[in-house]
Amino acid sequence: MAPWLTVVGIGEDGFGGLGKQARRALLGAVKVFGSARQLELLPHCLKAERLPWPSPFSLTPVLALRGEPVCVLASGDPMFYGVGASLARQVPAEELDVISAPSSCSIAAARLGWPLQEVVIVSVVARPLARLAAHLYSGQRLLVLCNDGSSPAAIAALLRERGFGPSRLTVLEHLGGPAERQLHGSANDWNHGPAADLNLLAIECLADASAPRLSPLAGLPDSAFRHDGQITKRDVRAITLARLAPRPGELLWDVGAGSGSIGIEWMRTHPACRALAVEADEGRQQLIELNRDALGVPGLQLVRGRAPQALQGLEQPDAIFIGGGVTLPGVLEHCWEQLRPGGRLVANAVTLQSEVRLMDWRERHGGELTRIHVAQAQPLGAFDTWRQALPITLLEAIKDA
């Protein structure tokens, strides 16, 4: 079937900024969908019926017109956080034409003189601002797709809270159009009023002396987490994450999550990594919610309940970590049964009872046992000595494909 649906990327310069192919598609369309702002950019001479998106947003009206010449307007590049990507998941490629314009990020990089390939792009459009926290490193350049005109001030407040008050901010409004404007300042002294709803925020991240040094690699300091003592300690956490071996797009079950440290660090390794934190204690559930936002992974899903009952009906995982709950009846067995073929199961034991449980399970299912000893130098009178932490027995097993 020949393409019947054309997605046209349109900028703030409107119809006059479109190329011949985009203009031809709009002139030949029977119906044109878009936001009210985008539809107003079209000239009166177009004969097509102009249809604003329904509220709540839905692609159903477009898909119902299959076979008719239809155009959809999108801002800039339709495949970059745009409606083109949503349509491409439901319309076969041979039925769809996408005509791109420069994205707002491309124009912003050109205005700022920033090499786009060296910039991290984050969208907070209908997404939590807390996502930014995972990308805050001194020297990092960020382009943030803002939700509305209040976003820059809210982001400046978040930067101050995280110890990045010296960061330099530039708001870019109405990029590529006659109303284009820039606002400048630092997060510490940001005093501009609301920006235009259509804006993008450029951030040159600069940390002050109080900002914690947080690496994207596993093994954040224990002080980076709010916890009640129920936390996998830093060195053991780094070893555990190395065994879990997160890869982009994979899902982790963090069972008996405590403060959620394993699931949080799993998600910090790559934006596409996902995690479920299973925790029965209400106080620790609150700690997980605080930690996931503070460390930039608000997408971590909290499952409130006790394993194995709370594990019923969850999405099949690629990896599982069991901290607390090794000795609970059925937990190891249920986790192993639900693990995807080729998936990794890592369980840590501290008590003799949980260690015996891991040894017994290994006899029946296989895997590798590792004993972890960590000692820290601490004062002893006028001298120093090694203080041994409780040893950890770690089970690692890979499910046959």
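**Notes on a predicted model**

1. Let's start with Gly76, which sits in the loop between strand 4 (70–75) and helix 4 (83–88). A quick word on those labels: helices (H or I, at least four residues) and strands (E, at least two) are DSSP runs, numbered from the N terminus. This is a predicted model, where local features need pLDDT of at least 70, side-chain atom pairs count only at pLDDT 80 or more, and totals for chains, interfaces and linings use all residues. Residues are numbered from 1 along each chain as its sequence is written, and side-chain values use heavy atoms, with hydrogens and water left out.

2. Is Gly76 buried or exposed? It counts as buried, at 7% relative accessibility. Here buried means under 20% relative accessible area, exposed means over 50%, and partly exposed is in between (1.4 Å probe, protein chains only). Gly76 touches Gly9, Ile10, Ser100, Ala101, Pro102 and Ser103, leaving aside residues up to four places away in sequence; contact means heavy atoms within 4.5 Å. Look at Gly11 too: its C-alpha is 5.3 Å from that of Gly76, yet the two are 65 residues apart in sequence.

3. Now find strand 12 (residues 274–279). Of its 6 residues, 5 are buried, so the rest of the structure largely encloses this strand.

4. Glu279 has Arg304 as its bridge partner in strand 13. From strand 12 the chain crosses through helix 9 (residues 282–294) to strand 13, in a right-handed β-α-β crossover. Right-handed means that, with the strands pointing away from the viewer, the path from the first strand over the helix to the second runs clockwise. Strand 11, helix 8 (residues 261–268) and strand 12 make a right-handed β-α-β unit as well.

5. Most residues other than glycine have a negative phi, and most peptide bonds are trans. Ser55 and Pro56, however, are joined by a cis peptide bond with omega about 5 degrees, and Pro56 is in the loop between strand 3 (49–52) and helix 3 (60–63). The bond from Ala307 to Pro308 is cis too, with omega near 5 degrees; Pro308 belongs to the loop between strand 13 and strand 14 (319–322).

6. Which way does phi go at His174? It is positive, about 50 degrees, although His174 is not a glycine. This residue is in the loop between strand 8 (168–173) and strand 9 (181–186), and is partly exposed at 22% relative accessible area. Ala245 also has a positive phi of about 50 degrees.

7. Last, the rings: the structure holds 4 aromatic pairs. Phe80 and Tyr81 form an edge-to-face pair, 5.1 Å centre to centre with 85 degrees between the planes. Rings of Phe, Tyr and Trp (its six-membered ring) pair if their centres lie within 6.5 Å; planes under 30 degrees apart count as stacked, over 60 as edge-to-face and the rest as tilted. Trp336 and Trp361 have ring centres 5.0 Å apart and planes at 80 degrees, so this pair is edge-to-face. Trp361 is buried, with a relative accessible area of 0%.

Terms used:
Pairing = 2+ DSSP bridges.
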